[in-house]
Amino acid sequence: MSTTARIHPAASTVLSSTIKHHLLRPPPNAVVFRTNPNFVRRRGTIRTLTVAAAAPFEVCAKASVTVPNKLGDCPFCQRVLLTLEEKHLPYDLKLVDFGNKPEWFLKINPEGKVPVINLDEKWVADSDVITQVLEEKYPDPPLAAPPEKASVGSKIFSTFIGFLKSKDPKDGTEQALLNELSAFNDYLKENGPFINGKEVSAVDFSLGPKLYHLEIALGHFKDWSVPDSLPYVKSYMKSIFSLDSFVKTSALKEDVILGWRPKVLG
């Protein structure tokens with residue numbers, strides 16, 4: 001059995017262009033058996049057969065502004081990391097200080113945005129593109145959902161932002177968010193507990209981090225929470241947030257609050 005090294009956000013460090021981690025790497029095309037207790041319960045299998053990458057993926061993500069060497073508050077970065085975690089793919093996390101973006105990062109991606117991942121010796125940006133490529137190259141375990149489910153809950157994030165930034169309690173932004181959450185609640189009641197049924201999927205890993213930001217930001221800035229009249233949404237959030245992969249890749253509450261503060265204060 002070959003072994004891969006894996007770097008998690010809690011143990012990651014901010015790297016310069018000349019600093020690299022020395023990782024134990026499997027031989028090319030190695031077949032690796034991995035065991036994950038949560039995965040066993042959810043998938044009903046003892047071992048998962050995964051074709052390992054020749055080396056850990058290099059992933060650039062936003063760094064915390066409150067605690068050194070911690071992952072920052074980007075839900076799109078978390079989406080990519082969730083995908084890597086759930087597919088049991090090793091990665092080398094490079095945390096980027098957004099207050100002072102280093103030259104090595106801007107050379108990789110002149111737009112200065114994250115997430116960015118090194119795939120086949122090419123740096124690729126955009127969480128939509130990254131997760132799609134990972135699904136195609138590493139289909140086991142499968143995370144793809146049917147196309148008709150890809151848009152489920154897709155308007156929640158934008159209506160959340162509208163309500164968060166609103167300074168007029170009568171402008172309808174709260175109701176717009178409630179309407180989207182209610183529609184999602186009805187969907188989960190008939191199709192849940194997750195968007196693709198009994199198993200978590202890529203759609204959940206896109207929506208989950210956004211709901212995490214919603215819960216923290218609205219709770220802090222507006223003393224608002226998802227109402228008890230939407231029990232399926234509340235249960236969904238609790239289930240997603242408690243996944244081992246989610247706990248490992250989620251931002252600190254303080255970082256989420258600081259990240260949204262400029263948008264709230266204008």
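Which strands and helices do the buried residues of α4 pack against? In this predicted model, the partners are strand β3 (57-62), helix α2 (75-86), strand β5 (116-119) and strand β6 (122-125). Helix α4 itself spans residues 127-137, and its buried residues are S127, I130, T131, L134 and E135. Their directions from the helix axis fall within an arc of only 130°, which puts them on the same side of α4. At the start of α4, a side-chain oxygen of D126 comes to within 2.7 Å of the backbone nitrogen of D128.

Strand β3, one of the elements packed against the buried residues of α4, has 5 of its 6 residues buried, so β3 is largely enclosed by the rest of the structure. Strand β3 pairs with strand β4 (residues 91-96) in the parallel sense, over 6 bridges. Within this pairing, K62 stands opposite V96 of β4. The chain passes from β3 through α2 to β4, and this β-α-β crossover is right-handed. Strand β3 also pairs with β5, here in the antiparallel sense and over 2 bridges. In that pairing, C60 is found opposite V116 of β5.

Side chains of opposite charge can pair when their charged atoms come close. Across the whole structure, 6 salt bridges are found. One of them joins the side chains of D73 and K62, with an N to O distance of 2.8 Å. D73 belongs to the loop between β3 and α2, whereas K62 is part of strand β3, so the pair ties together parts that are 11 residues apart in sequence. Both D73 and K62 are buried.

A salt bridge is also formed between D128 and R79, whose closest N and O atoms are 2.5 Å apart. D128 is located in helix α4 and R79 in helix α2, so this pair ties together parts that are 49 residues apart in sequence. The backbone nitrogen of D128 is also the atom approached by the side chain of D126 at the start of α4. The two members of the D128 and R79 pair fall in separate accessibility classes: D128 has 47% relative accessibility and counts as partly exposed, while R79, with a relative accessible area of 12%, is buried.

A further salt bridge links the side chains of D228 and K234, at 3.6 Å from N to O. D228 is exposed, its relative accessible area being 65%. K234 has 34% relative accessibility and is classed as partly exposed.

L243 is buried, with a relative accessible area of 9%. L243 and E86 are 157 residues apart along the chain, and their C-alpha atoms are separated by 9.9 Å.

Key. Residues are numbered from 1 along each chain as its sequence is written. This is a predicted model: local features need pLDDT of at least 70, side-chain atom pairs count only at pLDDT 80 or more; totals for chains, interfaces and linings use all residues. Side-chain values use heavy atoms; hydrogens and water are left out. Buried means under 20% relative accessible area, exposed over 50%, partly exposed in between (1.4 Å probe, protein chains only). Helices (H or I, at least four residues) and strands (E, at least two) are DSSP runs, numbered from the N terminus. The arc is that of the directions from the helix axis to the C-beta atoms. Contact means heavy atoms within 4.5 Å. A polar contact is a pair of N or O atoms within 3.5 Å; within protein, one must be able to donate a hydrogen and the other to accept it, and residues adjacent in sequence count only if both atoms are side-chain atoms. Two strands pair if DSSP finds at least two bridges between them. A crossover is right-handed if, with the strands pointing away from the viewer, the path from the first strand over the helix to the second runs clockwise. A salt bridge is a side-chain nitrogen of Lys or Arg within 4 Å of a carboxyl oxygen of Asp or Glu.
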